[in-house]
Amino acid sequence: MNSPRAVTRADHVTEVIPFPAGDGTPLTLVHVTSAAPPDAGAPDKGPVLLVHGAGVRAELFRPPLPRTLVDALLEDGWDVWLLNWRASIDLEPLSWTLGDAAVYDHPAAVEYVLGVTGAETLKAVIHCQGSVSFTMAAVAGLLPRVDTVVSNAVSLHPVIPLWSVIKITYLAELLKPFTPYLSPAWGYKSNGYFSRILRSMVKATHHECDNLVCRLVSFTYGSGRPALWSHENLDEATHNWISGEFAEVPFTFLSEMGRSVLARRMVAAGNHPELPANFLAEAPQTDARFSFLAGRNNRCFLPESQERTFAFFQDHRPGKDSLHLLSGYGHLDVFFGARAWADTYPVILKELNR
């Protein structure tokens, strides 16, 4: 019996599908199937939704690696859907909050996928602010047809390094009058005098590599050099590729996150009666099983973020959920590290298959 052929990017058949969020904001889903002939008797495991973080896009899950998470999911029999929610740089920039995404984006995306696939439920792999907003929606009872969630980096408890606390609570307030957003893309394209000043400041204070977008990402999102990955975990092609994968992140979100950091729990911004004032005040209003992932070297959100949320879930339903602390990994190299195929993808697949 021949071994099944590995799925690669060359086998991907990609369809970009526009659909509206609950408030009419235009979003897209990227449906990825494989042109490779399925193995006889290959399982059809149903839809899995992948949700990116802030100021990036759905392609985050398809870096220029020989083997991506999307490849691994297709090969394992999953129907793969990548969501561009309102924080995506593939959409028209707008001022957004995590509360907006929790109420309008994720419920609409889940219902769309279930509607076109005919599946009764789906599973989700969610990252960073996509994880925060998706978890907010789940614990508020807005995602009753999601049965399994693999969450990376942070969910209900944003815990960040001290220097990041200073930046998001004080420095951000000083910068806000000069621009409605920050953008690591200012590393290769200017947008007025403020972007040039900030780029010069980062060039003077961050010397960790020759990729200025990489250095601006660390300034914007964390306290490490770099903050979102270890350079040792990235191959050269991926380190170059990130230059085109980061752009605007609005102060509406940064202010919301700053207030949440000080509160030591997520506090949704805006007027959303669908969301509780305190997400921790009562048991999660979801039957979905959660698996929380945290890179031990994460300098964007400390591993304690996921440990606290896991403890909250354990208090209400002991033994149902799980926590994985990933040694040698940080924030985003969990998905696009050169050896993620061997170290982290198996953890994600195992949790989806439980």
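Colleague: Before we start, when do two strands count as paired?

Modeller: Two strands pair if DSSP finds at least two bridges between them. Keep in mind that this is a predicted model.

Colleague: What sheet do they sit in, and in what order do its strands come?

Modeller: The sheet is open and has 8 strands, with mixed pairing. Reading across, the order is S1-S2-S4-S3-S5-S6-S9-S10.

Colleague: Which strands stand at the edges?

Modeller: Those are S1 (12-20) and S10 (322-326). Each has a single partner strand, so one side of each is left without a neighbour in the sheet.

Colleague: And by how many degrees are neighbouring strands turned against each other?

Modeller: On average by 20 degrees, with direction ignored.

Colleague: Which strands does helix H3 lie across?

Modeller: Helix H3, residues 128-139, lies across S3 (47-51), S5 (122-127), S6 and S9. Against S5, helix H3 runs at about 135 degrees.

Colleague: Changing topic: where is Thr-25?

Modeller: Thr-25 is in the loop between S1 and strand S2, the latter covering residues 26-34.

Colleague: Is that residue buried or exposed?

Modeller: Thr-25 has a relative accessible area of 14%. Buried means under 20%, so Thr-25 counts as buried.

Colleague: What does Thr-25 touch?

Modeller: Leaving out residues up to four places away in sequence, Thr-25 touches Phe-19, Pro-20, Arg-86 and Leu-94. There is also a polar contact of 3.1 Å between the side chains of Thr-25 and Asp-23.

Colleague: Now zoom out for me. How many helices and strands does the chain have?

Modeller: The chain has 12 helices and 10 strands. Its radius of gyration is 19 Å, close to the 20 Å that the globule rule gives for 354 residues, so the chain is as compact as a globular protein of that length.

Colleague: What does the C-alpha trace span?

Modeller: Along the principal axes, about 60 × 45 × 40 Å.

Colleague: And how much of the chain is buried?

Modeller: Of the 354 residues, 60% count as buried. The chain exposes about 14,200 Å², with carbon and sulfur atoms supplying 54% of that area.

Colleague: Last one: what about contacts between residues at least 6 apart in sequence?

Modeller: Among those contacts, 74% join residues at least 24 apart.

Methods
Residues are numbered from 1 along each chain as its sequence is written. This is a predicted model: local features need pLDDT of at least 70, side-chain atom pairs count only at pLDDT 80 or more; totals for chains, interfaces and linings use all residues. Side-chain values use heavy atoms; hydrogens and water are left out. Helices (H or I, at least four residues) and strands (E, at least two) are DSSP runs, numbered from the N terminus. Axes are lines fitted to C-alpha atoms, for helices over the stretch in contact, and angles run from 0 to 180 degrees between N-to-C directions. Contact means heavy atoms within 4.5 Å. Buried means under 20% relative accessible area, exposed over 50%, partly exposed in between (1.4 Å probe, protein chains only). A polar contact is a pair of N or O atoms within 3.5 Å; within protein, one must be able to donate a hydrogen and the other to accept it, and residues adjacent in sequence count only if both atoms are side-chain atoms. The radius of gyration is taken over C-alpha atoms; the globule rule is 2.2 Å times the number of residues to the power 0.38. Accessible areas come from the Shrake-Rupley method with a 1.4 Å probe; for residues, only the protein chains shown count as cover.
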